[in-house]
Amino acid sequence: MSAPQTSEKALSLRVNGRDHVLTGLDPAETLAEVLKNRLGLTGLKVSCDEGACGACTVIMDSRAVLSCMTLAVEAQGREILTIEGLDPEDPVVQAFAHQHEPGYGTAMQCGYCTPGFVMTAKAFLMENPKPTLAQIREALSGNVCRCGCYPAIAQAVLRASGQKAEEMKP
Amino acid sequence: MKTAFTPRRQRKFVGTYRPRIEGRAKALGRAEYLDDLALNIKYPDMLHAKVLRSPYAHCRIKKVDTQKAENMPGVRCVITFQDPEAAAFKPTSCAWTGVDTVPYDRMYWPTYKDKRVFGPYCTWAGDEAGVVVAAETEQQAREAVKALEVEWEVFDHVLDPHEAMKPDAPLINPEMNFGSNVIPPEPLCGPEVWFNKGDVDAALAQAPVQVDVTSNFPNTDHGCLDSMGCLIHWTDDKLTCLTNSYQGDQLKVHLSTMLDLPMHKVRVVIPYLGASMGRWNVGDQLFFLFSALLSRRTGRPVRFKHTRREDFHDTRSAIEWRARLGAKEDGTITAANFIGLADSGGYVEHTVAALKFMTGFEIPECMLAPLENIRIEGKAVYTNRLPGGCMRGIGNNQFNLCFMLAVDELAEKLGLDPVQVAIKNFGHEWGQKPDISIKALLEEGAKRIGWENRHPAGQGQVYEYGKRRGLGFSFHMSWHTAWQEIPRGRVQLRVRLNPDCTAVLDAPMVETGPGSNSCAVFACADALDFLDMTPDRITWVDKVDTETGLKDMVQTDSAVSYLHAELMAEAAAQIKDQILERAEPVLEAEASDLDVAGSKVFVKSDPDKSITVRDLLWQGDMTPLVGSANRVPPEEVTGVPYAATFVEVEVDPGTGMVEVQKIVQLNDCGTVMYATGVEAQQTGGQCIGLGEAIYEEIVYDKKTGVPLNFNWVDYRIPTMADFPDIEPVPMEVWLGAGEYGPCGIGEVVTTNTPRAVANAVYNAVGVRIDDPPLTPKKVLEALKKKGDRS
């Protein structure tokens with residue numbers, strides 16, 4: 001892939017409903033770098049920086065993308081939603097924050113993977129509002145939680161979808 | 001079936017199922033971590049540091065020319081090991097602290113100061129090589145490191161600790177003058193035979209039944225999402241360090257000592273940390289010092305952060321354990337001999353602790369206490385692998401892999417149930433025999449996994465595609481209780497009660513994930529029950545700051561939650577006294593005739609005379625009330641409780657795939673401090689437990705010694721799709737010292753799983769694989785070997 005020549009041009013991004021025009025960008029800058037370091041949207045986390053952990057997930061045109069694997073220039077003219085753009089009362093946020101039913105633990109411990117999981121879950125529920133547990137496990141298996149809160153995260157997603165939380169079966 | 005835990009003693013907040021106190025901040029992405037603070041947008045003049053890393057497993061820089069690198073765009077400073085100031089740093093063991101805060105002359109493993117801050121000598125491929133660069137961008141710093149013209153002297157390397165002990169092996173760290181790669185004993189952990197009770201050899205010779213088994217635990221990685229790093233700004237005479245270490249005060253001592261600064265000129269600030277998994281016990285990382293030097297030379301803030309690849313830095317020590325057990329025909333174990341060989345990697349770090357510390361004190365004195373003849377011995381050896389740092393469950397995980405292999409083998413030889421052999425033989429010396437904790441856990445676990453249906457090894461039902469299922473278990477003593485935390489000394493905390501009866505809790509610790517902050521807040525609310533306090537009315541100070549805060553509790557040993565909780569009553573009592581004192585003139589009564597309950601102060605002899613605490617404080621000078629504590633927590637010797645893990649696996653003999661279908665994780669917690677938190681540990685610990693059982697291992701290229709999988713595609717961390725059904729079972733059987741008497745469980749929830757899985761695989765298909773991870777390749781090879789034999 002040839003390097004896009006945009007360094008002289010301005011980049012227009014629409015992030016969380018606000019338009020931003022950025023200049024002086026290095027064409028190699030990732031969307032994660034631009035969001036975090038230029039726009040100060042620090043919710044997303046860059047952890048593996050090579051598409052293996054999902055911590056940097058944001059939503060671009062209703063689809064979950066890894067912002068560390070997306071060049072900023074690829075986001076030109078697209079609609080970006082970061083965790084800062086979620087309604088604080090969003091059901092996914094609420095479900096992750098409040099998860100504490102017996103048998104599952106909390107939906108986060110250190111919390112570093114949480115924004116990525118929340119955004120992945122958000123995009124997934126936009127596409128599939130009433131998923132089964134098996135579909136949740138499949139959809140969220142690109143995100144790593146080293147603290148291992150997977151069973152509670154799956155319950156939180158079920159709950160966010162308005163379904164009764166159920167036993168987690170393999 | 002998942003069941004809710006019922007506490008032995010019901011409290012309002014401690015021990016309950018509740019959300020985390022900072023759950024909402026984390027779910028909204030608002031909790032701040034190092035990477036959210038150390039940004040150019042917040043520090044516009046920030047520089048980025050990079051260090052030269054060794055491309056070879058064993059080498060030395062012969063010559064380095066920095067001219068080209070210095071002339072690269074954006075480069076502001078290059079420092080090499082030849083710089084007099086850089087060369088003058090004192091050497092370190094890089095394992096300065098364990099749980100306590102100590103000065104240089106009391107650092108852990110002082111006889112193993114094998115690390116130089118700037119050294120041209122490298123002992124593993126990836127080692128810091130004594131040249132650092134600061135540039136305007138991370139990219140420019142990286143390019144500048146690439147532009148360094150280095151002439152390397154490459155030495156022979158050795159990866160296998162057996163080979164490393166041979167006389168003709170390449171000598172690693174020759175400056176240590178050890179004479180060989182065998183790391184000589186030191187005073188804390190003692191000689192090569194470090195525990196010896198009775199006469200093991202005679203008892204073994206007389207034992208009618210014996211087993212002799214060996215297991216190998218590989219190098220694995222913590223896998224923390226938040227890689228290690230810092231932002232250091234050293235201006236004029238003051239240094240500020242923002243970092244994601246888990247020890248503020250210890251780091252302050254470290255920086256102050258190594259940089260020769262008075263302590264009031266060093267400020268360490270630590271926000272939330274994206275997991276630690278024990279790694280920060282190797283806390284005096286070299287990058288603090290070279291980042292500091294770069295900052296002073298440039299006068300600018302300098303950020304250093306490991307890339308994902310660089311963050312594979314200190315590993316779980318690979319240990320080979322051999323166990324010899326002797327027993328009578330009734331299952332009574334009469335002799336136990338354990339022989340360890342620890343692969344230290346290129347530096348000692350905490351390898352000796354992993355080999356000897358737990359096996360020198362707590363394991364033989366508690367878990368193996370009833371056995372009359374015990375000998376534990378072994379060696380730690382330098383190789384050119386990653387240095388063995390500290391990882392969650394240090395030492396215990398490697399030991400358990402062999403210990404419960406030996407017990408499983410012995411039980412099979414005796415024709416007995418391994419659960420019964422464990423109950424019969426083990427337990428701490430203070431408890432009843434059989435040990436009530438072990439008995440309760442193993443019986444409950446056996447019931448929940450369906451142990452009574454367990455078939456003899458390899459003789460179970462055959463399922464679709466020839467798959468077979470098996471059951472296995474393992475158990476181990478829990479991690480520390482209060483008395484093992486004595487070296488920490490005093491615990492400090494402060495509660496500030498605002499005039500509106502909300503509170504600010506300064507209970508400093510770096511919250512790495514276990515939920516110590518939630519526990520502290522719940523304990524604080526319980527202690528302030530006379531104010532009808534609730535957790536949502538308490539703010540926990542979420543950053544460690546060595547300038548404005550009290551001494552931080554090093555976030556290790558899973559001990560912090562109850563160390564703070566133990567002192568909460570003391571702070572609350574002071575607040576109560578102050579309320580009474582302020583109420584005296586208002587209610588016109590002596591303090592001795594006053595009391596507080598239901599957030600009201602009332603006159604005991606005339607209960608109709610009362611005032612709400614809020615009204616009382618509001619009508620005064622609005623000065624908050626402050627309660628504090630500053631003392632050593634309870635340290636009575638009360639033994640330790642246990643933890644057990646039961647698993648069911650399914651093995652596909654066609655593909656070699658091992659699928660764990662169910663895990664029952666049981667912990668005798670003493671007291672459950674936070675039920676949801678405990679279950680999060682029990683469930684979540686399986687990410688490391690399951691990972692180390694089936695997926696995780698650092699792989700080296702044997703020819704070059706270069707590690708091959710320093711990324712999360714080839715180093716496989718379990719995901720949601722890999723997770724089986726997990727049943728967390730918190731229990732309260734044993735009880736320790738103090739108000740709460742709990743034990744730490746954060747480590748031990750990772751300890752049993754690899755062995756439980758390996759025993760279950762043996763039960764399923766009748767082959768033993770004792771060098772995890774149990775990859776399809778190993779399973780297929782073992783099955784093939786068994787087939788060839790029969």
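Biologist: I've landed on Glu349(B). Where does that residue lie?

Modeller: In the loop between strand E14 (333–345) and helix H10 (351–360) of chain B. Helices and strands are DSSP runs numbered from the N terminus (H or I of at least four residues for helices, E of at least two for strands). Keep in mind that this is a predicted model: local features need pLDDT of at least 70 and side-chain atom pairs count only at pLDDT 80 or more, while totals for chains, interfaces and linings use all residues. As for labels, residues are numbered from 1 along each chain as its sequence is written, and chains are lettered from A and ligands numbered from 1 in the order in which they are written.

Biologist: What is the phi of Glu349(B)? And is Glu349(B) buried or exposed?

Modeller: Phi is positive, about 45 degrees, although Glu349(B) is not a glycine. For burial, count the other C-beta atoms, placed from the backbone, within 10 Å of a residue's own: 20 or more is buried, 12 or fewer is exposed, and in between is partly exposed. Glu349(B) is buried because it has 28 of them.

Biologist: Let me try Met622(B). Where is its place, and is it buried or exposed?

Modeller: Met622(B) is in the loop between helix H17 (613–618) and strand E24 (625–631) of chain B. Its phi is positive too, near 65 degrees, in a residue other than glycine. With 10 other C-beta atoms within 10 Å, however, Met622(B) is exposed.

Biologist: Which residues does the cis peptide bond join?

Modeller: Pro772(B) and Pro773(B), with omega about 5 degrees. Pro773(B) belongs to the loop between helix H20 (753–765) and helix H21 (776–789) of chain B.

Biologist: Now helices. How far does H16 of chain B reach?

Modeller: The rule for the expected span is 1.5 Å times one less than the number of residues. H16 (residues 560–587) has 28 residues and reaches 40 Å from its first C-alpha to its last, close to the 40 Å expected.

Biologist: Where is the kink in H16(B) centred?

Modeller: On Met568(B), and the kink is about 30 degrees. The bend at a residue is the angle between axes fitted to the seven residues ending there and the seven starting there. After H16(B) comes Glu588(B), with a positive phi near 50 degrees.

Biologist: What does Glu566(B) touch?

Modeller: Touching means being in contact: C-beta atoms, placed from the backbone, within 7 Å. Glu566(B) lies in H16 and is buried, with 23 other C-beta atoms within 10 Å. Leaving aside residues up to four places away in sequence, it touches Pro633(B), Pro634(B), Gly738(B), Glu739(B) and Tyr740(B).

Biologist: And which residues touch the most other members of the largest nonpolar core?

Modeller: In soluble globular proteins, nonpolar side chains tend to be buried together. A nonpolar core is a set of buried Ala, Val, Leu, Ile, Met, Phe, Trp, Tyr and Cys residues joined through C-beta atoms within 7 Å. The largest here has 320 residues, and Ile153(A), Val133(B), Phe290(B), Cys524(B), Val757(B) and Val761(B) touch the most other members. H16(B) gives this core its largest share, twelve residues. Beyond four places in sequence, Val133(B) touches residues including Ala49(B), Lys50(B), Ala69(B) and Val75(B).

Biologist: How do I read the side of chain A that touches chain B? How many residues are in contact?

Modeller: 56 residues of chain A are in contact with 56 of chain B. On the chain A side, H5(A) gives the most, with five residues. By class, that side has 29 nonpolar, 16 polar and eleven charged residues. Here Ala, Val, Leu, Ile, Met, Phe, Trp, Tyr, Cys and Pro count as nonpolar, Asp, Glu, Lys and Arg as charged, and the others, Gly among them, as polar.

Biologist: What do the buried residues of H2(A) pack against?

Modeller: Against H3 and H5 of chain A, together with helix H1 (23–27) of chain B. Val92(A), Val93(A), Ala95(A), Phe96(A) and Ala97(A) are buried in H2(A).

Biologist: Last one, zooming out: what radius of gyration does chain B have?

Modeller: The globule rule, over C-alpha atoms, is 2.2 Å times the number of residues to the power 0.38. Chain B has 28 Å, which agrees with the value near 28 Å for a compact globule of 790 residues. Its C-alpha trace spans about 90 × 70 × 50 Å along the principal axes, and 60% of its residues count as buried. It holds 21 helices and 27 strands.

Key:
Two residues are in contact if their C-beta atoms, placed from the backbone, lie within 7 Å.
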